[in-house]
Amino acid sequence: MAITLNNGFKMPAVGLGVWRMEGKEIRDLIINAINIGYRHFDCAADYKNEAEVGEALAEAFSTGLVKREDLFITTKLWNSDHGHVVEACKDSLKKLRLDYLDLYLVHFPVATKHTGVGATASALDEDGVLEIDTTISLETTWHAMEELVSMGLVRSIGISNYDIFLTRDCLAYSKVKPAVNQIETHPYFQRDSLVKFCQKHGICVTAHTPLGGAAANSELFGSVSCLDDPVLKNLAEKYKKTVAQVVLCWGIQRNTVVIPKTSKLERLNENFQVFDFELTKEEMDLIKKVDRKHRTNQPAKFWGIDLYA
């Protein structure tokens, strides 16, 4: 199943996110994922593993496991490279061993102090607060992103972690419209207004934390996981599915793309088995009521400043 983007390219509705994946784990994960049926991989310069992903992809191509044109590969521009968009994209392509990207996203709507192309450091000042660069506008960054499309380096460009205000602005100043807005959204942080605004204006929404981060975000940020919710547990029992599968099905039925992360083969398989059942309208409405407006991904922990405040 795929969603057709506003430029005609198709994006698989389920992908695999590679945040917090390392070394040999990545190779096995990507090869296993391709064997299961995954054709969409979500990367980022800031994940610091593009080279390892590139090695795994090269192996998959060289052994005939899959063709490049059958995969949808996303990566992202880091905050410190807003003034070096073309160089940063080329650096990611080199590490990923690719000639083009299917999708390149502005990772966060903030430019920070440049630390070297592809270095993806988040420079902090003497008070431990993120060094924000106030000389580069998001409009300037976006026009540089548009150049990537003209150069043939990228098929689609998009935004990530943009709210309604910033998304509206991007629509106003863009020549090439953003194809995607990748945001945190899950049953405990549904963000219905933002999702509907994007979809109304032809922007596909990708859920980068579709399971609410589960145990990993609970440990890192002290957040609450929707996977323990009794309403979702009851639905899982009814359909003889895992809670995660119910949540992913809910995300797909909202017409969003979901990119769950896992390093476990069993979960990798489970997360892809979400097309053989469908939630009723009443069940979708029931899930709407469990929303807690609870953001689980909190970069303020690393940046010394809450950019969502």
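Buried means under 20% relative accessible area, exposed over 50%, and partly exposed in between, computed with a 1.4 Å probe on protein chains only. The model is predicted: local features need pLDDT of at least 70, side-chain atom pairs count only at pLDDT 80 or more, and totals for chains, interfaces and linings use all residues. Residues are numbered from 1 along each chain as its sequence is written, and side-chain values use heavy atoms, with hydrogens and water left out.

**View 1. H107, a position with a UniProt annotation.** The feature "binding site" at H107 comes from an unreviewed UniProt entry. UniProt positions follow the numbering used here, feature names are shortened, and annotations may be inferred rather than shown by experiment. H107 sits in the loop between β6 (101-106) and α4. Helices (H or I, at least four residues) and strands (E, at least two) are DSSP runs, numbered from the N terminus. With a relative accessible area of 7%, H107 is buried. Contact means heavy atoms within 4.5 Å. Neighbours within four places in sequence aside, H107 is in contact with A44, D46, Y47, K76, L77, W78, S160 and N161.

**View 2. Y47, annotated as "active site".** This annotation too is taken from UniProt, from an unreviewed entry. The loop between β4 (40-42) and α2 (50-62) holds Y47. Y47 has a relative accessible area of 14%, so the residue counts as buried. Setting aside neighbours within four places in sequence, Y47 is in contact with V18, W19, D42, K76 and H107. K76 is listed among the contacts of H107 as well.

View 3. N161 is not a glycine, yet its phi is positive, about 65°. N161 lies in the loop between β7 (154-160) and α5. Its relative accessibility is 11%, so N161 counts as buried. The loop between α11 (281-288) and α12 (300-303) carries K293. Is K293 buried or exposed? K293 is exposed, at a relative accessible area of 68%.

**View 4. T141, a residue of helix α4.** T141 is placed in helix α4. Its relative accessible area is 1%, so T141 is buried. Leaving out neighbours within four places in sequence, T141 is in contact with L77, H82, V85, V106 and I136. T141 and S160 are 19 residues apart in sequence and 13 Å apart in space, C-alpha to C-alpha.

**View 5. T115 in its loop.** T115 lies between β6 and α4, in the loop. T115 has a relative accessibility of 31% and counts as partly exposed. Neighbours within four places in sequence aside, T115 is in contact with S80, T120, A121 and A123. From T115 to P299 there are 184 residues in sequence and 18 Å in space, C-alpha to C-alpha.

**View 6. Helices α4 and α5.** Two packed helices are described by the angle between their axes and the distance between the axes. Axes are lines fitted to C-alpha atoms, for helices over the stretch in contact, and angles run from 0 to 180 degrees between N-to-C directions. The axes of α4 (residues 138-150) and α5 (residues 164-173) come within 10 Å and cross at roughly 55°. α4 is therefore oblique to α5. Angles under 35 degrees count as roughly parallel, over 145 as roughly antiparallel, 65 to 115 as roughly perpendicular and the rest as oblique. L138, E139, W142 and H143 of α4 meet L166, C170 and Y173 of α5. By class, this contact has five nonpolar, one polar and one charged residues. Ala, Val, Leu, Ile, Met, Phe, Trp, Tyr, Cys and Pro count as nonpolar, Asp, Glu, Lys and Arg as charged, and the others, Gly among them, as polar.

**View 7. Helices α5 and α6.** α5 and α6 (residues 192-200) pack at an angle of about 10°, with their axes 10 Å apart. α5 is therefore roughly parallel to α6. I164, T167, R168 and L171 of α5 make the contact with S193, L194, F197 and C198 of α6. These residues divide into five nonpolar, two polar and one charged.

**View 8. Helices α8 and α9.** The axes of α8 (residues 230-239) and α9 (residues 243-253) are 8 Å apart, at an angle of about 100°. The two helices, α8 and α9, are therefore roughly perpendicular to each other. In α8, L232, K233, L235 and A236 meet V243, V246 and V247 of α9. The contact of α8 with α9 has six nonpolar, no polar and one charged residues.
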